[in-house]
Amino acid sequence: MEIDPFIFRLSIFILSIFIGYFVVWSVTPSLHTPLMSVTNAISSVIIVGAIIASFSSIDGNSISFSNILGFIAVTLAAINIFGGFLVTQRMLQMYKKKEKKNK
Amino acid sequence: MSANLSSVLFLITGILFILALRGLSSPETSRMGNFFGITGMILAIVISILSVDIFFSNLIYFIIALSIGGIIGGIIAFKIPMTAMPQLVAGFHSLVGLAAVLVAVSAYYSPDSFGLGIFQNIKTASIIEMGLGVSIGAITFTGSIIAFMKLQGLMSGSPITFPGQHYLNAVLGILIISLICYLIINQSTQIFWMLIIASLLIGFLIIIPIGGADMPVVISMLNSYSGWAAAGIGFTLENTALIITGALVGSSGAILSYIMCKGMNRSFLNVILGGFGTDSTSSNIKEKTEQKPVKSGNAEDAAFLMKNASSVIIVTGYGMAVAQAQHALREMVDKLKKIDVKVSYAIHPVAGRMPGHMNVLLAEANVPYDEVFELDDINNDFANTDVAYVIGANDVTNPVAKTDPKSPIYGMPVLDVEKCKSVLFVKRSMSPGYAGVDNELFYRDNTLMLFADAKKMTEDIVKHLD
């Protein structure tokens, strides 16, 4: 009997939850805010769905309802991607070790 | 691009995202981690563009949409003050939620482009996944908007409750599940939109009864939801990168919620059902506020105490963020270090309005991260410390949590501030903290209350340290 591809995706999903579990427990508590902003940025990978929606076509060239939703979703995801990664970068740059001598 | 090749590349995207989170295990590796994350995202976007049939008119709109989003995102990222980080994250979550809803609606109306069948005759598995994705996305969207408004002060931070609230939520919850099941037999547009509306409504209803200081739990929970929504859409689109990312984000948010709940010694359900310190506890306060002597002092006394101390621990809380006192605090610590006072910072897990909020603010003020300690690492040190400087924190220092089983905060892990030789408590008034419990610490012999704005007081102390 052939295995439904859904089962493969489910396996990936469940194993990823476990990876997430162990990786996130190893995150130092002082970086929990950057963790939230970076997870927020990567969840915007939903942009791949928005891209398909932006280019979906029923009858060639005319712009459909689905395309418009796609463009809006691309905009929202882009705000998140740029905003999320840049603000994370900004925060991480602030974390410094003790300096040996004061300025 | 062939489907197999793009699947493998999406898997690589997923791995890059795992490395991005892994990098956060220490500040040194974190910047590299963020770089992995950015690379993964660029890869994902490029693969998706190469996998669809591009036609020119839509490409232009796509580029415009991407640029507008990118510019807005970039401006926000550079302009936002660090104290506004909780509401920024809440706002960003709402965008992920809404994007998930839009993608699902688009897939519902043109399933053929997504390879899911034809309109109103979508594969059963896909319609279930789509229903789940759209529902969680909608809940994330409205829930995050309420969280954003509460954090930004556009809406009262106090819990909003009304009779029958939990029943209404339960009914809506059952309705949502029934609608998803019903979609399997009848994929009509009415059912689909009813599902979206019910989900939007419940997102709004579950966040309004949750109060301001419980926001760390709420933000983490919404973070988790945005992940599950992404995973739901990932199943619909049969996209590995989305499934992996959704699972990572989902479990990350769930772990953070758990850590936050543990920091308050409350069950997740208790936080979600809302209303802390609303009814039973308010009577408690009245009994306790009989006139008890409090010692209060000024900046000069505080400066004198700290100058003559050999070690000082600074306990920060949300009040420090509100007063923007982190820079003044750092200045004070610099002065103290010059006269050889050992200074460290103590942070309670639920201090502030989101996980790690205080750490970011201290980092912004150039406090080295190896001087900042978590509750478990520093709690034993209070007994050997001369002065504790409590700035903007309250409930997390209340010894009642250890002694009075009747108190609503009993059992909550607290910082053992009272064990210090003397405690300096900066506060504007005697009012109780969020939990509505009087802080016993105020009346201790070794406590000196400094009634002032946190920033103003710290600046005054700096002057007196010269």
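Trainee: Why are H7(B) and H8(B) called roughly antiparallel to each other?

Mentor: In this predicted model, the axes of helix H7 (residues 165-185) and helix H8 (residues 189-207) of chain B cross at roughly 155° and come within 9 Å. Angles over 145 degrees count as roughly antiparallel, and therefore the term applies to H7(B) and H8(B). Their crossing is left-handed.

Trainee: Which residues make the contact of H7(B) with H8(B)?

Mentor: H7(B) contributes, among them, B:Leu168, B:Leu172, B:Ile176 and B:Leu179. From H8(B) come residues including B:Phe192, B:Leu195, B:Ala198 and B:Ile202.

Trainee: What is the make-up of that contact by class: how many nonpolar, polar and charged residues?

Mentor: There are 17 nonpolar and four polar residues, with no charged ones.

Trainee: What makes H9(B) roughly antiparallel to H10(B)?

Mentor: Helix H9 (residues 215-237) and helix H10 (residues 240-264) of chain B have axes that cross at roughly 160° and come within 7 Å. The cut-off is again an angle over 145 degrees, so H9(B) is roughly antiparallel to H10(B). H9(B) passes H10(B) in a left-handed crossing, and the contact holds 18 nonpolar, twelve polar and no charged residues.

Trainee: How do you know that H4(B) is roughly antiparallel to H6(B)?

Mentor: Helix H4 (residues 85-109) and helix H6 (residues 124-152) of chain B pack at an angle of about 155°, their axes being 7 Å apart. With the limit at 145 degrees, H4(B) is therefore roughly antiparallel to H6(B). The crossing of H4(B) past H6(B) is left-handed. By class, their contact has 17 nonpolar and nine polar residues, and no charged residues.

Trainee: In what order do the six strands form the open sheet of chain B?

Mentor: The order is S5-S4-S3-S6-S7-S8, and the pairing is parallel. Neighbouring strands are turned against each other by 25° on average, direction ignored.

Trainee: Which are the edge strands of chain B?

Mentor: They are strand S5 (372-374) and strand S8 (447-451) of chain B, each of which pairs on one side only.

Trainee: Which elements of chain B have the lowest and the highest mean pLDDT?

Mentor: Helix H12 (residues 280-288) of chain B has the lowest, 43, while H4(B) has the highest, 94. Over residues 276-289 of chain B, pLDDT stays under 50. Chain B as a whole averages a pLDDT of 87, with 96% of the residues scoring at least 70.

Trainee: What ipTM and pTM does the predictor give the complex?

Mentor: The complex receives an ipTM of 0.92 and a pTM of 0.89 from the predictor.

Key
Residues numbered from 1 in each chain as written. Chains lettered and ligands numbered in written order. Predicted model: local features only at pLDDT ≥ 70, side-chain atom pairs only at ≥ 80, totals over all residues. Heavy atoms only, no water. Axes fitted to C-alpha atoms, helices over the stretch in contact; angles between N-to-C directions. Helix = DSSP H or I, 4+ residues; strand = E, 2+ residues; numbered from the N terminus. Parallel < 35°, antiparallel > 145°, perpendicular 65-115°, else oblique. Left-handed = near helix turned anticlockwise from the far one by under 90°. Nonpolar A, V, L, I, M, F, W, Y, C, P; charged D, E, K, R; others polar. Pairing = 2+ DSSP bridges. pLDDT = per-residue confidence, 0-100. Contact = heavy atoms within 4.5 Å.
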